[in-house]
Amino acid sequence: MALKKIRGLGLTKKYPGRLIIVEGCDGSGKSTQLHLLRVWLEHQGFPVFFTEWNSSELVNAATRRAKKKNLLTPTTFSLIHACDFADRYEKIILPPLRAGYIVLADRYVYTAYARDVARGCDPDWVRNLYSFAVKPTLGFYFHAPLEVSVSRILVGRPTLKYHEAGMDLDLSPDPVESFKIFQGIIKKQYDSMVKPEKLTRIDATRSITVMQDEMRALTADKLADYVPPDNSPGPGVRITHDPDLNDLRGESHFEDVEDLDETADDMEMDVDEAPEVPLDTDESSDYSSAP
Amino acid sequence: MPAKDAASAGAPPRYYGKGIPYLKDITLPGKLIVIEGPDGSGRSTQTALLKEWLESSGHAVLNVGLRRSDLVMSAIIEAKKGNLLGKTTLSLLYATDLADQLENRIIPAMRAGFVAIADRYIYTLMARDLVRGAGEEWLEKLFGFAVVPDLIFYLDARPDLLMHRAFAKYGQLDYWESGMDLGASGDMIEGFLRYQTVLRVRYKGLAEKYGFQVLDGSAEPEAIQRRLRKRVEDFFAESRPKGKGKG
């Protein structure tokens, strides 16, 4: 049957681009570091795309309303963040990667692994949920003693949000106390992931410049054989959430690529990879990160 | 609402997969009956009739269905209007909707001894996603949080019949039900028939795997309802003596 071999959901794909992500507890300084890395990459003329956790406009309205009303259970909290991630993934992470660009992500699937499990979801269930996502080229985990990151957050942000403080877990009636316990559980999750997920641990107690030097050196290694695509736009590409710009599927103004895209994404197999395994049998074997 | 002591009876929830870890030490004296089938198979008619009958025989009944959760529905509706969503995102939004209803409506109702009738459940979502290329194992694990229903009915109908019913009911064919997002065909009629054919194949696969009781959706509504009630009646008769297995 022709329609049987449609590809898409739950399948990962190879990509010629580079995906660099940062992870870590709140207050570990990872966003600052990713920003500096971005500036450095752009300065060298690399086309860089950037995305951050929980920022899909489409899902955001629903998430915000639900959080405000405390309507979420651990399972729906997890799922709604997976929706947010999937929306960004399908529009602004995977397409640039497949087109050969560099994508920087402030938090990736590991944030979900850590937080959702801390909230009581099953670890295997959460991993399966995100199994459509490709592995990053480089995953930086910013590691600092709990007291350091907690105090950084508490200084800069006197009132903690309900979910941020893990108040939904009934850890403590005091938000600050609850936040500390919650961050501790999350940190433990992160620490246990470093090895199996091959994350690169960055000691976040050091100065900003020292950390940045280390990140740049590691990144440069991964870019040694990287060639940006021809005709790539100049540095500083900020991908917006406008689906007309990002989602090629079914858009008539991409007449040249439409057929190809239709073939690759919707119907049958394709084009550049042609895996020998039937499409709906194995989704993990297709995992691949750039060298 | 039934008396409080009703909640003391009943078995702990049976989940398909890993389940909901923080909802394992509860008991569910209520029942879950699922009615599955494609659009136009007569599900809502059958659901309404079944509810009426169960209530008249003294059961408290809760009706649930897909796309009824306040959590993500506005996002789904907005997105579907403009076809703005990728497949994985849409799939996960539906899963969120289902999880929300399961935790906030179905499980609480079952805990209170209600019979919950679900007008579609995880199987419709699975069938749709399978047609769109999702991995079977991925879906199976994703919906591992779902409670195993006591009874699953599937109303089977030929695609051409579904097409005529769609015309009669809505005056036109639906974009999604015609597989237009898949580019099934440029022609809507052909798209509808192709998409519904593939969907039916998927439903049949699931029927075997999950033990659906298949009913002929092209029969007279009254005839279908009679069969439905008979099976439900038998099930209640069987499950009455304590300790006897269900489903």
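This is a predicted model: local features need pLDDT of at least 70, side-chain atom pairs count only at pLDDT 80 or more; totals for chains, interfaces and linings use all residues.
Me: How does chain B score on pLDDT?
Reply: Its average is 90, and 93% of the residues score at least 70. That score is the predictor's confidence in each residue, from 0 to 100. For the complex, the predictor gives an ipTM of 0.85 and a pTM of 0.80.

Me: OK, chain B then. How many helices and strands?
Reply: There are 8 helices and 5 strands in chain B. Going along the sequence, the pattern is β-α-β-α-α-β-α-α-β-α-α-β-α. Its C-alpha atoms fill a box of roughly 60 × 40 × 30 Å along the principal axes.

Me: Is strand 1 of chain B mostly covered or open?
Reply: Mostly covered: 6 of the 6 residues in 31-36 are buried, meaning that 20 or more other C-beta atoms (placed from the backbone) lie within 10 Å of the residue's own. Across chain B, buried residues are 47% of the 247.

Me: Which residues sit on each side of that strand?
Reply: B:Lys31, B:Ile33 and B:Ile35 are on one side, with B:Leu32, B:Val34 and B:Glu36 on the other, and all of them are buried.

Me: Which strand does it share 5 bridges with?
Reply: Strand 3 of chain B, residues 115-119, running parallel. There, B:Val34 has B:Ala118 as its bridge partner. Strand 1 of chain B also pairs in the parallel sense with strand 4 (residues 151-156), over 4 bridges, and B:Ile35 stands opposite B:Phe153 in strand 4 of chain B.

Me: Switching to chain A: what order are the sheet strands in?
Reply: Chain A has 5 strands forming an open sheet, order 2-3-1-4-5, with parallel pairing. Strand 2 (48-52) and strand 5 (200-203) of chain A each have a single partner strand, so one side of each has no neighbour in the sheet.

Me: And what joins strand 5 of chain A to strand 4?
Reply: 4 bridges, with the two strands running parallel; strand 4 of chain A covers residues 138-143. A:His143 has A:Asp203 as its bridge partner in strand 5 of chain A.

Terms used: Residues are numbered from 1 along each chain as its sequence is written. Chains are lettered from A and ligands numbered from 1 in the order in which they are written. A residue is buried if 20 or more other C-beta atoms lie within 10 Å of its own, exposed if 12 or fewer, and partly exposed in between; C-beta atoms are placed from the backbone. Two strands pair if DSSP finds at least two bridges between them.
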